[in-house]
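User: I am new to this structure and would like to know how its features get their labels. Please show it and then take my questions.

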Amino acid sequence: MPQILEEAMHRLVPTPAGRTHLVEQGEGPLVLLLHGFPESWYSWRRQLPALAEAGYRAVAVDVRGYGRSSKPEALDAYRMLELVEDNVAVVRALGEERAVVVGHDWGANIAATSALAHPEVFRAVGLLSVPYAPRGGPRPSEVFAHMAGGDEEFYVSYFQEPGRAEAEIEPDVRGWLAGFYAALSADTMPGPGAPDPHFVTRGGGRLVDRFPAGRPGWLGEDELDFYAGEFERSGLRGALARYRNMDRDWEDLAPYDGAPVVQPSLFIGGSRDASTMWLADAVEAYPKTLPGLVGSHLLDGAGHWLQQERPDEVNRLLVEWLRGLPD
């Protein structure tokens, strides 16, 4: 474990999932950190000590289905509103009434929905890489089915069938993770004209067939060993279940159709991150969808794994935003 986390404390707390594993550091106002796919609490390892030093109680969780947190059997146990209730339970288990919630990738969607569904608990929301886009439009499965054409299939559609992606990933978890992280990192992602790693070739293609061979600068042997160890122990089913509940989420969140998140908010994206670029219209709509937006930042030359690729910049922006929040 890196020395920067020597003062962090691991805990298991009761939540609707069963139990949620978290890592906390520091004292002060609570900041809840939510990771994305395929990550863990560990993706916030550079933020925990920085936020603690700045006077905050920083808490990074393993989202339901990941790491040491519970992994329910039922597929629909991974729907968005279930994850939101886990977050509320974590806040309560820590003896707190309110928290700031910050998420990256899928964690950004979970953070935004947590703020939307429980404004009495989550007083501010920070989003990394994935912009907030209110619920609306056709079913997600229909949208993603139309994102590919010809002989290609979008990765979200590829992830839908239970067992399909697992059959690609689980025989070589370490190698697959290294390739996936490299594919979305600014210093190793495929260049113009190369096959897009967000798609697979229909009729037996795999994501790994399009992964680059390099290793991103932020991903050392220790980091890769940690991530690989987590997923080799738990498998990928719980992590992939998030993708397999998108249509259920669309149904569950109908009462929030078009709803803005009104709390003070922050967005940080990478200029080379497809997740940010594809949702450029959502960023442009922030005056209506995030009326409490305090800052929107695009880190030039950054890829998808923002808080790991550019930890110093992310830490500075987070701390500046947190210090400006009302009590």
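Analyst: What follows is a set of questions and answers on a predicted model.

User: Why is tryptophan 278 called partly exposed?

Analyst: Partly exposed covers the range between under 20% (buried) and over 50% (exposed) relative accessible area. Tryptophan 278 has 40% relative accessibility, so the residue counts as partly exposed. Tryptophan 278 lies in helix H11, residues 274-278.

User: Which residues make the nonpolar surface patch?

Analyst: The patch is made by Val143, Met147, Trp278 and Leu279 and has an area of about 310 Å². A patch residue needs over 30% relative accessible area, and tryptophan 278 has 40%.

User: What makes aspartate 252 and arginine 79 a salt bridge?

Analyst: The rule asks for a side-chain nitrogen of Lys or Arg within 4 Å of a carboxyl oxygen of Asp or Glu. The closest N and O atoms of aspartate 252 and arginine 79 are 2.7 Å apart, so the pair meets the 4 Å cut-off.

User: Why is aspartate 252 called partly exposed?

Analyst: The relative accessible area of aspartate 252 is 24%. Buried would require under 20% and exposed over 50%, so aspartate 252 is partly exposed.

User: What does the salt bridge between arginine 174 and aspartate 225 tie together?

Analyst: In this pair the closest N and O atoms are 2.8 Å apart. Arginine 174 lies in helix H7 (residues 173-183) and aspartate 225 in helix H8 (residues 221-234), so parts 51 residues apart in sequence are tied together. With relative accessible areas of 25% for arginine 174 and 41% for aspartate 225, each residue is partly exposed.

User: How do you know that strands E3 and E4 pair?

Analyst: Pairing needs at least two bridges between the strands. E3 (residues 30-34) and E4 (residues 57-61) are joined by 4 bridges, so they pair, and they run parallel.

Technical notes: Residues numbered from 1 in each chain as written. Predicted model: local features only at pLDDT ≥ 70, side-chain atom pairs only at ≥ 80, totals over all residues. Heavy atoms only, no water. Patch = residues over 30% accessible without salt bridge, like charges linked within 9 Å, V, L, I, M, F, W, Y side chains within 5 Å. Areas by Shrake-Rupley, 256 points an atom, 1.4 Å probe, with all protein chains shown as cover. Helix = DSSP H or I, 4+ residues; strand = E, 2+ residues; numbered from the N terminus. Buried < 20%, exposed > 50% of the residue type's maximum accessible area, 1.4 Å probe, protein only.
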